[in-house]
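Visitor: I'd like to go through the aromatic rings in a structure. Can you put it up?

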Amino acid sequence: TIPISDADSSINTGILAYMQTIDLWGRSSNLLVELPYAWGNTKGILAGEPARRDFAGFADLGLTLTVNLLGAPSMTLEDFLELRADPHPILGASLKVVAPTGSYYDDRLINVGANRWATRAQLGSIIPLKPTWLLEISASAWFFGDDDDFLPGKRVQNPIFAGQANLIKRFRPGFWASLDISVFGGGQQTIGGGKLSDSQRNVKIGGTIVIPFRGRHAIKIGYANGTVTRYGNDFDQFLVTYQKIL
């Protein structure tokens, strides 16, 4: 259905993000706004001929609301420090909405923006194993709107379901590292009325470390690898993030 084969992409993404902690119905909550900018290229075979697409532009705007349902009411600084010293189980939920605001050309197969709405619902828990060892587990589902302007024909995608686990070691406040694994599946697409055989049943593993400095600053470094890939997401992913607490 999509006349591209042997595709290989190199994609760089910078994300400007702002997170605000809020009190929502007496529960500790976060509101996160993300604006990505992506640039890179895709090479492959298009209709039997070598082709290349260079792209750059803003990707779709994301808005995420996270609410701690159990174990983390709105707290004073003293309460928060007490929780860090003696952690207990926390249950939270989040809802992320991605709006079709990114760069999109309906005469191109490869674009930065997706030209469709997307929503992720997620439920997660933090389980203390020891005071400095935590286990995070979560389950989530992505739901997608339709891209009516996709070049080969209307693009419809089934939900993608995912599970994730992170084993976290805390060294001191703000300084931690984790081992991460995620499993996800689904996402079969229908393009121009034809169903693709592209359902995903994939596994990726990785690691993350966060290093604080100068009180309110931190650097996050991460790596992920698609270890089991039935379709899509066969990648090596590197992440470097700078964070500042205002």
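Guide: What follows is a short talk about ring pairs and their surroundings. This is a predicted model, where local features need pLDDT of at least 70, side-chain atom pairs count only at pLDDT 80 or more, and totals for chains, interfaces and linings use all residues. Residues are numbered from 1 along each chain as its sequence is written, and side-chain values use heavy atoms, with hydrogens and water left out.

Visitor: How many aromatic pairs does a search of the whole structure find?

Guide: Five. Rings of Phe, Tyr and Trp (its six-membered ring) pair if their centres lie within 6.5 Å; planes under 30 degrees apart count as stacked, over 60 as edge-to-face and the rest as tilted. One of the pairs is Y37 with W39, tilted, at 6.1 Å centre to centre and 40° between the planes.

Visitor: What about Y223 and F238?

Guide: Their ring centres are 5.0 Å apart with the planes at 45°, so that pair is tilted. Y223 is partly exposed at 34%, whereas F238 is exposed at 67%.

Visitor: Changing topic, what lies over the face of F150?

Guide: R155, at 5.8 Å from the ring centre. A charge sits over a ring if NZ of Lys or CZ of Arg is within 6 Å of the ring centre and within 35 degrees of the ring normal.

Technical notes: Buried means under 20% relative accessible area, exposed over 50%, partly exposed in between (1.4 Å probe, protein chains only).
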